[in-house]
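Subject: Structure handover

Hello,

Here is the structure I promised to pass on. Please open it next to this email; my notes follow below.

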Amino acid sequence: MSFYQRVHQAARTLLSRGVLLFVCLLCHSTQAEVLLLLSSDAPYYGETANSLQVAAGEDSTNAPTFRVLTLQSPEADAALTQTWQLIVAIGSKATQQVLSEPGNSPVLSIFTPKNAFENIKVREDAASPRSVSVIYLDQPLERVVNLATR
């Protein structure tokens, strides 16, 4: 297993456990409804969504109900107008889309670099502000340079 695969697997495990805890805190004793919005149909986004669902099902007697959509899905716009107990935006584009829409469902952004998140324009709707949490995906400078020189 390559270094990248080990890091990716560890990140997925940590994210799965963190998102699961977040969902459990939100849902108390009821079943949570969670939207997993993927920035694209890239395999790593899909793997992350699958990993979150599997981890949630393994660790909870009252597992949340997930709906997985990509930004390109015809149902994505309609789904963003619904109320969810949690929206997990996977990637920068998904985060941008969720935060540009009105709503009050809490948002957890994952796989988003810090500088990309800071550049996202959050909709300022005083009537229904969203609660937003972010798990940044920042790469060490050494790795960025390494990838750029290949």
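I began with the aromatic rings. The model is predicted, and the count of aromatic pairs in it comes to two.

The pair Tyr44 and Tyr45 is tilted, with 4.7 Å from centre to centre and 55 degrees between the planes. Tyr44 is partly exposed, at a relative accessible area of 40%. Tyr45 counts as buried, at 11%.

The other pair is Phe117 and Tyr136. Its geometry is edge-to-face: the centres are 6.3 Å apart and the planes make 65 degrees. Phe117 belongs to helix 5 and Tyr136 to strand 5, so this pair ties together parts that are 19 residues apart in sequence. Phe117 has 17% relative accessibility and counts as buried, because the cut-off for buried is under 20%. Tyr136, at 38%, is partly exposed.

Now the overall layout. The chain has six helices and five strands. Along the sequence they follow the pattern α-β-α-β-α-β-α-β-α-β-α. There are 150 residues, and 36% of them are buried. The chain exposes about 8,800 Å², of which carbon and sulfur atoms supply 54%. Take the contacts with a separation of 6 or more: 63% of them come from residues 24 or more positions apart.

Next, the strand pairing. Strand 1 pairs with strand 2 in the parallel sense, over six bridges. Within that pairing, Val34 stands opposite Phe66 of strand 2. Strand 1 also pairs with strand 3, again in the parallel sense, over five bridges. Here Leu38 stands opposite Ile90 of strand 3. Strand 3 and strand 4 run parallel and are joined by four bridges. Ile87 has Val107, in strand 4, as its bridge partner. Strand 4 and strand 5 run parallel too, with five bridges between them. Ile110 has Ile135, in strand 5, as its bridge partner.

How covered are these strands? For strand 1, five of its six residues are buried, and the strand is mostly covered. In strand 4, six of the six residues are buried, so this strand is largely enclosed by the rest of the structure.

Helix 4 is worth a look from its axis. Helix 4 spans residues 92-100, and its buried residues are Ala94, Thr95, Val98 and Leu99. Seen down the axis, they fall within an arc of 125 degrees, so they line one face of the helix. What lies over them? The cover includes strand 1 (33-38), strand 3 (86-90), strand 4 (107-112) and strand 5 (132-136). Helix 3 (76-80) and helix 5 (114-118) are also part of that cover.

Leu35 sits in strand 1. Its relative accessibility is 0%, and Leu35 counts as buried. Which residues does Leu35 touch, leaving out those up to four places away in sequence? They are Arg67, Leu69, Ala79, Leu80, Trp84, Leu86, Ile87 and Val88. One of these, Ile87, is also the bridge partner of Val107 in strand 4. Leu35 and Phe66 are 31 residues apart along the chain, yet 5.8 Å separates their C-alpha atoms. Phe66 is also the residue that Val34 stands opposite.

Thr70 is in strand 2, which covers residues 65-70. Is Thr70 buried or exposed? At 18% relative accessibility, Thr70 counts as buried. Leaving out residues up to four places away in sequence, Thr70 touches Leu37, Leu38, Ser40, Asp41 and Ala76. Among them, Leu38 stands opposite Ile90 in strand 3.

- Strand 4, with six of six residues buried, and its parallel neighbours strand 3 and strand 5.
- Helix 4 and its buried face, with Ala94, Thr95, Val98 and Leu99.
- Leu35 in strand 1, with contacts that include Trp84 and Val88.
- The edge-to-face pair of Phe117 and Tyr136.

Over to you.

Best wishes

Note on methods. Residues are numbered from 1 along each chain as its sequence is written. This is a predicted model: local features need pLDDT of at least 70, side-chain atom pairs count only at pLDDT 80 or more; totals for chains, interfaces and linings use all residues. Side-chain values use heavy atoms; hydrogens and water are left out. Helices (H or I, at least four residues) and strands (E, at least two) are DSSP runs, numbered from the N terminus. Buried means under 20% relative accessible area, exposed over 50%, partly exposed in between (1.4 Å probe, protein chains only). Contact means heavy atoms within 4.5 Å. Accessible areas come from the Shrake-Rupley method with a 1.4 Å probe; for residues, only the protein chains shown count as cover. The arc is that of the directions from the helix axis to the C-beta atoms. Two strands pair if DSSP finds at least two bridges between them. Rings of Phe, Tyr and Trp (its six-membered ring) pair if their centres lie within 6.5 Å; planes under 30 degrees apart count as stacked, over 60 as edge-to-face and the rest as tilted.
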